[in-house]
Amino acid sequence: FDVIYSQSLFERLYKELPASKKVMLRKQFRMHPQIGRLVSRLFYPEGLQHGLPEDALANTSGVYDGYHLAWVNVPFEAGGESRRYVNEAEAKAVIKLVKQLVKDAKNIGNISIITFYAEQLNYLKKQLQNHGLEKQVAVGTVDAFQGKESDIVILSTVRSNDFKQESRALGFLRSPNRLNVAISRARSLLIVVGDVKTLRKSKMFNDVYEYIEECGYVDEHRR
């Protein structure tokens with residue numbers, strides 16, 4: 001079961017087809033190069049080319065000094081995850097972000113919130129409704145968002161705990177396929193919302209954090 005679902009159907013087909021029947025696309029036009037270079041660094045060691053210039057898809061949202069990548073840290077001390085994989089503190093940070101972004105809704109394009117867990121998705125939907133924001137954003141799981149894109153993507157990672165072992169701390173967030181989808185949906189601005197200490201137990205998430213620290217904006221959620 002784990003072997004079957006560790007790879008997507010597309011990935012299995014690609015590996016099984018003869019070389020004469022397949023080609024790997026090397027140039028992407030979906031996202032700003034700053035986001036594209038993160039995706040390339042993590043998942044395409046042979047390198048992706050970026051078809052858009054650096055001044056395309058400007059971040060005109062008024063947040064994060066115009067950077068195209070941001071990480072909002074919501075530490076375990078703020079509340080952490082529940083057993084049902086709901087992170088209320090993280091949801092509050094997401095709602096705060098959405099409120100800030102929609103002030104300039106005419107200029108920033110569409111906003112989407114994606115999360116790895118259906119339980120967090122349902123909780124976010126309720127919170128958006130409570131704040132009258134449900135019509136301002138699209139919401140979905142990472143799996144359901146495959147093949148889609150959005151100008152601004154807020155990624156709610158959920159996992160925030162004090163487990164020492166990576167497998168217990170992150171669960172299926174360790175899946176490279178899911179993380180690849182999650183960080184490659186944004187065109188202009190990707191905002192990762194999550195507990196830095198928990199997520200950096202994974203080398204992949206550590207690489208994401210270090211890249212954003214180097215090339216983007218790191219912020220702390222303030223209650």
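In H3 (residues 33–43), the buried residues (under 20% relative accessible area with a 1.4 Å probe, protein chains only) are Pro33, Gln34, Ile35, Gly36, Leu38, Val39, Ser40, Leu42 and Phe43. That is nine of the 11 residues, so H3 is largely enclosed by the rest of the structure. This is a predicted model, where local features need pLDDT of at least 70 and side-chain atom pairs count only at pLDDT 80 or more, while totals for chains, interfaces and linings use all residues. Residues are numbered from 1 along each chain as its sequence is written, and side-chain values use heavy atoms, with hydrogens and water left out. Helices (H or I, at least four residues) and strands (E, at least two) are DSSP runs, numbered from the N terminus.

Now for the helix packing. The axes of H3 and H10 (residues 203–215) come within 11 Å and cross at roughly 150° (lines fitted to C-alpha atoms over the stretch in contact, angles running from 0 to 180 degrees between N-to-C directions). That makes the two helices roughly antiparallel, the label for angles over 145 degrees. In contact terms (heavy atoms within 4.5 Å), Gln34, Arg37, Leu38, Arg41, Leu42 and Phe43 of H3 meet Met204, Asp207, Val208, Tyr211, Glu214 and Cys215 of H10.

Over to strand E3 (residues 69–73), where five of five residues are buried. Leu69, Trp71 and Asn73 cover one side, and Ala70 and Val72 the other.

Note on methods
Parallel < 35°, antiparallel > 145°, perpendicular 65-115°, else oblique. Buried < 20%, exposed > 50% of the residue type's maximum accessible area, 1.4 Å probe, protein only.
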